[in-house]
Amino acid sequence: MPRIVVDVMPKPEILDPQGKAIAGALPRLGLTGFAGVRQGKRFELTVDGDVTPEILEQARTAAATLLSNPVIEDVTRVEVIPEA
Amino acid sequence: MLSTPLIGDFSVAPENDALRAVRVGIITFPGTLDDRDAARAVTIAGGTAVGLWHAEANLQSVDAVIIPGGFSYGDYLRAGAIARFAPLMEKVVDAAAGGMPVLGICNGFQILTEAHLLPGSMIKNNHLKFSCADQLLRVENNSTAWTNAYELGAGMVVPLKNQDGQYVADEKTLDELEGEGRVVFRYEGENPNGSRRGIAGISNAARNVVGLMPHPEHAVEPGFGPDSSAYGEVGLGYGTDGLRIFSSVLNSLVAGGKS
């Protein structure tokens, strides 16, 4: 079944405590090459049959209303991943 | 659905028919925890608590609504994000626009921001830990439906318990809230969660919708509250500073002609 992937990231100016905690843990593993970490969310919406323009539009609406909160998050991707 | 709580000594409640005639609805979502406590608080303040179920589409002629704390829908997507789309929330949004007093406590505050009844949002506490402590607040606005029984600038000690309690909004929104006197409660002393400008609670422009993170409904009954009070020394568990929140809304509804 084809999937529509929606990525949601915390806005750049919003403190991301989870990302900060991960960034603090990486050097303890000896992984010192990273200046920062931001933790976002990935949603996969599966579709029976073809992804029509209407369904893609529904995914965009879902991304903007339910899947993200525009006060603190940005939708960074709404993309169809075809069947493997 | 939710009747008056079964266990308890309500002898501290005032005997007053006008207060008793005020019906305060308390909404229960899947995952709500503090609905019974909010109902007790309304009862102890002298009003009538009415249980409301999120999937109903009828506010049952209540005069005010409390959205209590908990973890609606497990907070799995974002705190309050799914609860916002409950059928009853549409009615609450309409009633709020018509001036009905609405209070959101903790998860209820998160739901009010997701429903766009209040600006901003809540994110994880800056220290990443669940907080649980008796918290001193300052009442920054006593002209709301929910704070008129406090003196301006009064302190209050109520429990703070949450994971996503850090209030955030952009600078423009924060300036607006400050400029219009819509910061209703501010944390006193050390900021417990990194909230912008120490904000613990805010109101809408009309002052009928208020949201706050700490829990006044857990500080209403002598013996079952915080160990301290902003109104002088109290015995262990005898802090009842939160009760005036519930007295405030009953008073303002009675004064407004509801009897």
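Colleague: What radius of gyration would a compact globule of 259 residues have, and what does chain B have?

Modeller: The rule puts such a globule near 18 Å; chain B has 17 Å, so the two agree. The radius is taken over C-alpha atoms, and the rule is 2.2 Å times the number of residues to the power 0.38. One caution: this is a predicted model, where local features need pLDDT of at least 70, side-chain atom pairs count only at pLDDT 80 or more, and totals for chains, interfaces and linings use all residues. Residues are numbered from 1 along each chain as its sequence is written, chains are lettered from A and ligands numbered from 1 in the order in which they are written, and side-chain values use heavy atoms, with hydrogens and water left out.

Colleague: What box do the C-alpha atoms of chain B fill?

Modeller: Roughly 45 × 45 × 35 Å along the principal axes. Inside chain B there are six helices and eleven strands. Those are DSSP runs, numbered from the N terminus: helices are H or I with at least four residues, strands are E with at least two.

Colleague: How much of chain B counts as buried?

Modeller: 58% of its 259 residues. Buried means under 20% relative accessible area, exposed over 50%, partly exposed in between, with a 1.4 Å probe and protein chains only.

Colleague: Which share of the contacts in chain B joins residues at least 24 apart?

Modeller: 73%, among contacts between residues at least 6 apart in sequence. A contact is a pair with heavy atoms within 4.5 Å.

Colleague: How far apart are the mean positions of the positive and negative charges of chain B?

Modeller: 4 Å, for 19 positive and 29 negative charges. Lys and Arg count as positive, Asp and Glu as negative; His and the chain ends are not counted. Each charge is placed at NZ of Lys, CZ of Arg, CG of Asp or CD of Glu.

Colleague: And chain A: how many helices and strands does it have?

Modeller: Two helices and three strands. Their order along the sequence is β-α-β-α-β. The radius of gyration of chain A is 16 Å, well over the 12 Å from the globule rule for 84 residues, so chain A is more spread out than a compact globule. Its C-alpha trace spans about 45 × 30 × 15 Å along the principal axes.

Colleague: What percentage of the residues of chain A count as buried?

Modeller: 27% of 84. In helix 2 of chain A (residues 53-67), the buried ones are Leu56(A), Ala59(A), Ala63(A) and Leu67(A). Their cover includes strand 1 (3-10), strand 2 (41-46) and strand 3 (73-81) of chain A. An α-helix has 3.6 residues a turn, so residues three or four places apart point the same way.

Colleague: What separates the mean charge positions in chain A?

Modeller: 11 Å, between 9 positive and 12 negative charges.

Colleague: Is Cys106(B) buried or exposed?

Modeller: Buried: its relative accessible area is 6%, and the limit is under 20%. Cys132(B) has 67%. That passes the over 50% mark, so Cys132(B) counts as exposed.

Colleague: Why is Leu136(B) given the class it has for relative accessible area?

Modeller: Its value is 32%, so Leu136(B) is partly exposed. Leu136(B) belongs to strand 6 (residues 131-139) of chain B. Leaving out residues up to four places away in sequence, Leu136(B) touches Gly155(B), Met156(B), Val157(B), Arg186(B), Tyr187(B), Glu188(B) and Ala230(B).
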